[in-house]
Amino acid sequence: MCRKFVTQVQKEADSIGNSVEQIIHQRLAAISEMVGGYDFAKVIEAYWKASEQDDEQLKACAIKWLSAEYSTKTEARNDLGVRIIIADAFF
């Protein structure tokens, strides 16, 4: 899912001459206003940056967060700089 989103954003950025970060922010603007949305957008951006920099560790952390595999906020904050984790309370 994340890889597909980032690939689509990269194609759009290339076709219109904007940066990938700008397109990510535009696409996720509405989500960023929701509870947890800012952190979600931040993780998607971290995944993109990790892909660009071949940072497999950061990419794995982003996937771990998106898969709701973090058990503590502290661990997620240390790895990704986010304030929340995905938990059953969101569903």
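User: Is E45 buried or exposed?

Analyst: The general idea is to check the relative accessible area: under 20% counts as buried. In this predicted model, E45 has a relative accessible area of 13%, so E45 is buried.

User: Which residue does E45 form a salt bridge with?

Analyst: For a salt bridge, you look for a side-chain nitrogen of Lys or Arg within 4 Å of a carboxyl oxygen of Asp or Glu. Here the partner is K49, and the closest N and O atoms are 3.4 Å apart. Both sit in helix α4, four residues apart, so about one helical turn separates them.

User: Which residues are linked with K49 in a network of salt bridges?

Analyst: E21 and E45 join K49 in that network. Between K49 and E21, the closest N and O atoms are 3.3 Å apart. K49 belongs to helix α4 (residues 37-52) while E21 belongs to helix α2 (residues 20-27), so this pair ties together parts that are 28 residues apart in sequence.

User: How do K49 and E21 score on accessibility?

Analyst: K49 comes out at 33% relative accessibility, which counts as partly exposed. E21 is partly exposed too, with a relative accessible area of 28%.

User: How many salt bridges does a search of the whole structure find?

Analyst: Six. One of them joins the side chains of E56 and K59, at 3.6 Å from N to O. These two are three residues apart in helix α5 (residues 56-66), so again you're looking at a separation of about one helical turn.

Technical notes: Residues are numbered from 1 along each chain as its sequence is written. This is a predicted model: local features need pLDDT of at least 70, side-chain atom pairs count only at pLDDT 80 or more; totals for chains, interfaces and linings use all residues. Side-chain values use heavy atoms; hydrogens and water are left out. Buried means under 20% relative accessible area, exposed over 50%, partly exposed in between (1.4 Å probe, protein chains only).
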